[in-house]
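Reader: I'd like to walk through this one with you, taking a few local features at a time. Could you show me the sequence and the structure before we start?

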Amino acid sequence: MGKKFIKDFSWYFLGAFVPIFFTIIKTPIFTRHFDKEDYGHLGLVLITFSLVGMILFSWLSSCIWRYYPKYKKENKLKILYSNLFFLFLFSLLILISISSTWYILESNNLVKRLIYFSFLYLIFNQIYLVYMVVVRLELKVKLYTCFQSIRAFLNLFLAFVLVFVFNLEISVLVLSLFIIDFFAVLYLLILNPSKIVIQFKSIEKKYLKELLIYGSSGLLLNVCFFIIASSDRYIIAFFGGINEVGIYDQVYKLSELSIIALLAVFFNTINPNLIHELEVNFNQSKYLIRSYLKAFFLIGFPIVFYFSLFSKDIANLLLGANFREGYPIMPFVFFAAYLHGISNFYELRLKFSNKLKRINLIIIVVTIINIILTIILVGLFGYFWAAITTTLTYLLLVSLFHFFDKELLQPTRGNLKLLLTVFVIYVIKLAIVYILSLIIDITFIIKITLSIFFILTYIYILKDKILTIKLPLKN
């Protein structure tokens, strides 16, 4: 691996690790303070606003990722920012209408407060996220890391004060997010480190049309991904009740966060170079993606395995007693997040090859299958099966993506040999763990010992492959 990759990865790792660290501190404390019903209401409101935010705002960030290199090359970034800001204002009007209607119709006072605070948080969080995309595209990794770290610390501190000093309810967990993002946005707008300029005279129909076409084409994809990952909460609420939603949502988020954070570090590091290659040299991009996928497989898969091995220990440490019963879903969530990361490579390739209709068809079919399976299996066997259907859905998605883009990973002799070797290694590891569990009680210390042994043997067997990993980055 190059020195630049290690340097950038280290900074992005800090930017992801620090928020995770504070979340790890927050989770065991607040899940011991608030009950399952509170977290059930919180989960459903946040998921609903996340869906609304995805429909109204997420495509704005996608447009920046897609068009920033083009507009920068043409010295038209001011035009890009101005037209995106106009679209943001239009989306904001829709958000106000939806939120106010829900707030008026809702009778539960806790839910009403959650709606109000979530509405405010969504607005400023989306502004912050869009600005951070520009920061990442400009490769300002130190600025990104510092902002993420300080923001996470202040959010934790404020949440603690509101809950334990003022003895307020669970809705202040969202209020604290809004307050911190409000001041973060205010700071960014005043200092403006990325020199973002907005001029209403730069707003033109042709630019709005270009952004809307691309944004709307990818919107269906994002919404379907969200439905796959989150619609199960509504199904669980219907069949099992708000308490089961609280358990499932907290265990799922804790599990997903662990892997998603590492994925974010990885993609934050490679995305500038990957997007550039797809934009200017699409036909050769498959070779770059293959090098990234090799690292993703050789390093990422073991991480998922060991997270899964320690699922019960993680739950006991980081969740309140009322939430720990959900730990069996954790391995499935880990692997679902990992498979989602693999699908990102295929998705980007298909997007840049202008095969959005094909992508949308695939994701619609997969989403429908996911919803049907979740309704059937959760209705028959309980909420644990929601995580299983999510994992199976991502496995199906990756398989279909590969079917339509076989160039990305070809079944060469070397690839098949590597895949078979890793498969055999982990089958043997699972067999060892299973046999030992029949003989003795596998304690935390035994798991640590086994993990160290497994890691060392893995590195020894595949050291030649690991040492040849290359991760090119844009200078």
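Reader: Let's begin with Asn75: is it buried or exposed?

Author: Keep in mind that this is a predicted model. Asn75 is found in the loop between helix H2 (36-73) and helix H3 (77-105). The cut-off for exposed is over 50% relative accessible area. Asn75 has a relative accessible area of 72%, so it counts as exposed.

Reader: What is phi of Asn75 near?

Author: Most residues other than glycine have a negative phi. Asn75 is a residue other than glycine, yet its phi has a positive value, near 60°.

Reader: Which loop holds Lys195, and what is its phi?

Author: The place of Lys195 is in the loop between H6 and helix H7 (205-230). With a relative accessible area of 62%, Lys195 is exposed. Lys195 is not a glycine, but its phi is positive, at about 55°.

Reader: Ser202 lies in the loop between H6 and H7 too. Is Ser202 buried or exposed?

Author: Contacts first: leaving out residues up to four places away in sequence, Ser202 touches Lys78, Ile79, Ser82, Asn83 and Tyr207. The cut-off for buried is under 20% relative accessible area. Ser202 comes in at 9% relative accessibility, so it counts as buried.

Reader: How many Å separate the C-alpha atoms of Ser202 and Leu450?

Author: Ser202 lies in the loop between H6 and H7, while Leu450 is one of the buried residues in H16. Along the chain they are 248 residues apart, and their C-alpha atoms are separated by 61 Å.

Reader: Staying with H16, what does it reach from its first C-alpha to its last?

Author: Helix H16 covers residues 444-461, which gives it 18 residues. At 1.5 Å a residue, 26 Å is expected. The span in the model is close to that, at 26 Å.

Reader: Why do the buried residues of H16 sit on the same side?

Author: The buried ones are Lys447, Leu450, Ser451, Phe454 and Tyr458. An α-helix has 3.6 residues a turn, so residues three or four places apart point the same way.

Reader: Which exposed residues does the face of H16 turned away from its buried side carry, and which helices do the buried residues pack against?

Author: The face turned away carries Ile445, Leu456 and Tyr460, which are exposed. On the buried side, the residues of H16 pack against helix H10 (285-309), helix H11 (311-318), helix H15 (413-439) and helix H17 (463-467).

Reader: Which helix supplies the largest share of the nonpolar surface patch?

Author: The patch is about 800 Å², and its residues are Leu220, Ile364, Ile368, Ile372, Ile376, Leu380, Phe381, Phe384 and Trp385. Helix H13 (356-381) and helix H14 (384-404) each supply at least two of its residues. The largest share, six residues, comes from H13.

Reader: Take Ile372, which lies in H13. What does it count as by relative accessibility?

Author: Between the buried limit of 20% and the exposed limit of 50% is the partly exposed range. Ile372 has 45% relative accessibility, so it counts as partly exposed.

Reader: On to charges: which residue forms a salt bridge with Asp181?

Author: A search of the whole structure finds 12 salt bridges. In this one the closest N and O atoms are 2.5 Å apart. The pair links distant parts of the chain, 30 residues apart, with Asp181 in helix H6 (residues 172-191) and its partner in helix H5 (residues 141-165). Asp181 is buried at 2% relative accessibility, and the partner is Arg151.

Reader: Glu407 and Lys286 meet in a salt bridge as well. Which relative accessible areas do they have?

Author: Their N to O distance is 3.8 Å. The pair links distant parts of the chain, 121 residues apart: Glu407 is in the loop between H14 and H15, Lys286 in helix H10. Glu407 is partly exposed at 39%, whereas Lys286 is buried at 13%.

Reader: Where is the salt-bridge partner of Asp405, and what is its name?

Author: Asp405 is in the loop between H14 and H15, and its partner, 56 residues apart from it, is in helix H12 (residues 330-352). Both residues are buried. The closest N and O atoms are 3.2 Å apart, and the partner is Arg349.

How values were computed: Residues numbered from 1 in each chain as written. Predicted model: local features only at pLDDT ≥ 70, side-chain atom pairs only at ≥ 80, totals over all residues. Heavy atoms only, no water. Helix = DSSP H or I, 4+ residues; strand = E, 2+ residues; numbered from the N terminus. Expected span 1.5 Å × (residues − 1). Buried < 20%, exposed > 50% of the residue type's maximum accessible area, 1.4 Å probe, protein only. Contact = heavy atoms within 4.5 Å. Patch = residues over 30% accessible without salt bridge, like charges linked within 9 Å, V, L, I, M, F, W, Y side chains within 5 Å. Areas by Shrake-Rupley, 256 points an atom, 1.4 Å probe, with all protein chains shown as cover. Salt bridge = Lys/Arg side-chain N within 4 Å of Asp/Glu carboxyl O.
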